[in-house]
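New notebook page. I'm opening the structure now and will jot down what I look up.

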Amino acid sequence: MTDTRAPAGKFTIDGKPVPFREGETIMEAAAAAGVYIPHLCYQPGFAPHGSCKLCTVEVGMRRVAACTTKAANGMVVANNTTALNDDRRALTEMLFIEGNHLCPACEKTGNCQLQAVGYFLGMTALRFEHFYPPRSLDASHPDIVLDRNRCILCELCVRASRDVDGKNVFGIGGRGIHSHVIVNAASGRLADTDLTLDDAAAHVCPVGAILVKREAYKVPIGRRVYDGHPISEVSLADARQKREGGDD
């Protein structure tokens, strides 16, 4: 059912007037107005996390995360600037070098949000050397594989399992470069949890860290989501569908 609540106010983003509803964030209101703000850890329908920092925008003299900052009347927001996009590109490069993101060899290529964001930001090469630590792969589950080497620590799987599935299968352990996804089972093995293919946590990963077995390359490369559409277009369409209740 379409939400018909009246706007609570209006702000501008890159000079464009954007109405917002009570309680909406800059990200939510911007998406509804057709303005794409790059992001990875944010997804409509999940509590915002603010960890990837790609959605950082400027509000006056401050930089804030668009996914966690509430919209306010008269707010002046800058999003598509050279400085912000340069920083976003650098952050994306750092995510690439901190994990195994060799796109031609990854099953997720063409459906990967990290890859698509890199294309959107014009990231054509890496300026930094790879230094990612070795992380284990868990293929113990009969239907799902967890490859920690491709994890970007967005915690979408953690939020999905906790808030949607009600299972708390995943968590984050370690600190700094040693941070990694943990499995909440005494053995630490995915096979010893109650994760199933029907769970949101099995499908929410924006990269190739959580994959469904026996599904590889069923959709050929070249026909995948981001092969035909930029992430800005896909993201705005998803946000519009969620806002209008099209996925209920």
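Helices here are DSSP runs of H or I with at least four residues, strands are runs of E with at least two, and both are numbered from the N terminus.

A note on what I'm looking at: this is a predicted model, where local features need pLDDT of at least 70, side-chain atom pairs count only at pLDDT 80 or more, and totals for chains, interfaces and linings use all residues. Residues are numbered from 1 along each chain as its sequence is written, and side-chain values use heavy atoms, leaving out hydrogens and water.

I found L84, N85, R88, A90, T92, E93, L95, F96 and I97. Their cover includes strand 3 (56–59), strand 4 (62–65), strand 5 (76–78) and helix 3.

I get 44 residues, with L40, L114, F170 and L190 having the most contacts inside it. Among the elements that each supply at least two of its residues are helix 2 (82–97), helix 3 (113–120) and helix 6 (231–243). Apart from it I noted another core of 21 residues, I13 and Y42 among them.

I also checked L114: leaving out residues up to four places away in sequence, it touches (heavy atoms within 4.5 Å) L40, T92, L95, F96, H101, I152, P206 and V207.

Conventions: A nonpolar core is a set of buried Ala, Val, Leu, Ile, Met, Phe, Trp, Tyr and Cys residues joined through side-chain atoms within 4.5 Å. Buried means under 20% relative accessible area, exposed over 50%, partly exposed in between (1.4 Å probe, protein chains only).
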